Amino acid sequence: MQTVLELRAHADQKLFSGEHLHALHAYALLVQLQPNDLEARLRVGDTLLAMGEVQGAAFVYTTLARHAANAGHPLVALIALKILEALEPELGKLLASFAKLYGKDSEKLGRAARLSLADASYSLPPDLRLDTPPPPEQLLPAAAKIAVSLERIAAYPDKLSPIPLFSELPVEAFARVLSALKLVRTRPGDTVLAQGAEGTSFFVLARGTVRVVRTDEKGTPHELAKLHDGAIFGEMALVSAQPRTASVIAQSDCDLFEFDREALAAASSEVATIAVALDKFTRERLIQNVLATSPFFRPLERAQRVDLLRRFKAVDVAPGTTIIREGEPGRGLYLLLSGEADVWKKDGDQKVLLATLKPGDIFGEISLLNDEPTTATVSAGTASTVLFLEGEVFRKLVGAIDAIREYVESLGDERLLDQRLSLESADVDELDEDDLVMI
């Protein structure tokens with residue numbers, strides 16, 4: 001092996017195959033080579049714990065928690081704190097100090113650079129020997145001493161970056177929420193969330209990499225994304241009652257924090273605070289996704305996208321709420337941020353379902369372009385969030401930017417064709433082109 005990455009893989013293999021002395025030796029060498037290697041320090045604690053050296057492991061975890069928190073790596077600190085809490089519930093009191101450091105209104109929070117972590121490509125010394133670790137009576141105390149040494153650590157940053165979502169909570173609420181969080185440790189290939197399952201919790205990925213995979217109707221899996229340290233996922237489970245839309249599978253060894261409904265009940269006095277913070281976080285992420293993926297915003301520069309988005313008004317609507325009513329003047333442009341919306345067309349006394357809109361879809365644009373009443377009804381199929389842009393702002397936008405006007409016009413043509421096909425497949429009488437829905 002030639003690099004730190006290869007040495008880490010060797011150490012992990014030894015740890016999970018039960019060769020603890022070899023693993024401990026390798027992890028201690030990693031810390032010696034790169035003192036900022038927080039994962040190696042964590043693994044020294046894990047290996048000592050696996051060997052029954054609880055006191056030594058607790059010493060390592062305690063030092064790591066304090067060091068990682070002050071170095072600007074709070075999720076690693078929290079892994080160590082949750083392990084300590086499991087070892088000895090009294091040590092859960094340490095979570096209060098962590099909450100004070102990273103909770104809302106902490107004087108330490110701000111815009112800051114974190115203490116750099118280890119370099120995985122770092123070349124190993126050519127004379128490094130791993131085949132014969134020292135005897136246990138020497139290695140165990142030596143490895144623990146190496147893992148708690150901070151002599152070669154650079155100065156800590158003056159300010160610490162907040163933890164997304166959680167640093168929105170006041171200190172006391174944050175401390176209770178931390179106590180309710182569950183640490184989940186996975187191996188490669190483990191399923192964290194299963195597509196179609198009931199959504200009962202969300203996760204924070206503290207360490208490792210996971211794959212987001214969606215299986216289509218034919219049973220073919222499609223990888224949608226890879227998530228890394230700091231990612232939050234599954235949060236829609238606490239703001240909607242929808243089943244999981246994709247599976248999340250561990251690609252590497254991962255440490256995750258799970259916040260489930262049981263934990264929410266345990267922190268019942270903080271429900272309102274958590275709900276506000278979670279709603280803010282979820283909405284901001286949905287908006288960022290729409291900005292990044294919607295063709296409507298694509299012709300704009302980033303600054304223009306953000307400026308335009310500020311002109312939209314967010315409205316939460318309950319299932320069954322009518323958003324656009326057929327025959328009324330078009331009031332503005334709508335963008336579905338979350339949920340689903342159904343497009344209906346009257347046919348005598350019957351209603352024909354023509355389409356179901358998904359997050360990121362826009363509607364209401366055709367009546368504005370043609371200055372005519374809407375010819376269909378759009379209603380919320382599920383609890384949804386809709387962004388609304390005044391008609392006058394929309395008209396100025398399409399008048400100024402040809403690419404946006406071309407997009408909405410081509411969208412109208414595509415919808416006209418789709419709706420004709422939908423009406424034909426629904427076995428209704430053929431309608432004139434003027435009767436087709438053009439929202």
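I took the axes of helices as lines fitted to C-alpha atoms over the stretch in contact, with angles running from 0 to 180 degrees between N-to-C directions. The model I examined is a predicted one.

**Entry 1. Helices α3 and α4**

I first looked up how helix α3 (residues 38-50) lies against helix α4 (residues 54-70). Their axes come within 7 Å and cross at roughly 160°. This crossing makes α3 roughly antiparallel to α4, since angles over 145 degrees count as such. I noted the crossing of α3 past α4 as left-handed.

I then listed the residues that meet. From α3 the list holds Leu38, Arg41, Leu42, Val44, Gly45, Asp46, Leu48 and Leu49. On the side of α4 they meet Val54, Gly56, Ala57, Val60, Tyr61, Leu64, His67 and Ala68. By class, the residues of this contact of α3 with α4 divide into 11 nonpolar, three polar and two charged.

**Entry 2. Helices α1 and α2**

I turned next to helix α1 (residues 4-16) and helix α2 (residues 20-33). They pack at an angle of about 150°, and their axes are 7 Å apart. The two helices are therefore roughly antiparallel to each other. I recorded a left-handed crossing of α1 past α2.

The contact residues of α1 are Val4, Leu7, Arg8, His10, Ala11, Asp12, Lys14 and Leu15. They meet His20, His22, Ala23, Ala26, Tyr27, Leu30 and Leu33 in α2. I sorted the residues of the contact of α1 with α2 into nine nonpolar, three polar and three charged.

**Entry 3. Lys82**

Is Lys82 buried or exposed? I found Lys82 in helix α5 (residues 74-87). Its relative accessibility is 6%, so Lys82 counts as buried, the limit being under 20%.

I looked up what surrounds this side of the helix. Apart from neighbours within four places in sequence, Lys82 is in contact with Leu95, Leu178, Ser179, Leu181, Leu183 and Phe257.

**Entry 4. The sheet β2-β7-β4-β5**

I traced an open sheet of four strands in the order β2-β7-β4-β5, with antiparallel pairing. Strands β2 (191-193) and β5 (221-227) stand at its edges; each has a single partner strand, so one side of each is left without a neighbour in the sheet. On average, neighbouring strands of this sheet are turned by 30° against each other, direction ignored.

I followed the pairings across the sheet. β2 pairs with strand β7 (residues 247-250) in the antiparallel sense over two bridges, and Thr191 stands opposite Ile249 in β7. β7 is also joined to β4 by four bridges, again antiparallel. In that pairing, Ile249 in β7 is the bridge partner of Arg211.

Strand β4 (residues 210-215) is joined to β5 by six bridges, and the two run antiparallel. Thr215 stands opposite Pro221 in β5. I noted that β4 and β5 form a hairpin with five residues between them. In the turn, Gly219 has a positive phi of about 85°.

**Entry 5. The sheet β1-β8-β3-β6**

I traced another open sheet of four strands, in the order β1-β8-β3-β6 and with antiparallel pairing. Which strands stand at the edges? They are β1 (182-186) and β6 (232-233), each with a single partner strand, so one side of each is left without a neighbour in the sheet.

β1 pairs with strand β8 (residues 254-260) in the antiparallel sense over five bridges. I found Thr186 opposite Cys254 in β8.

**Entry 6. Asp105**

Most residues other than glycine have a negative phi. Asp105 is exposed, with a relative accessible area of 69%.

**Entry 7. The chain as a whole**

The chain has 14 helices and 16 strands. Of its 439 residues, 45% are buried. Among contacts in the chain with a separation of 6 or more, residues 24 or more positions apart account for 75%.

Terms used:
Residues numbered from 1 in each chain as written. Predicted model: local features only at pLDDT ≥ 70, side-chain atom pairs only at ≥ 80, totals over all residues. Heavy atoms only, no water. Pairing = 2+ DSSP bridges. Parallel < 35°, antiparallel > 145°, perpendicular 65-115°, else oblique. Left-handed = near helix turned anticlockwise from the far one by under 90°. Contact = heavy atoms within 4.5 Å. Nonpolar A, V, L, I, M, F, W, Y, C, P; charged D, E, K, R; others polar. Buried < 20%, exposed > 50% of the residue type's maximum accessible area, 1.4 Å probe, protein only.
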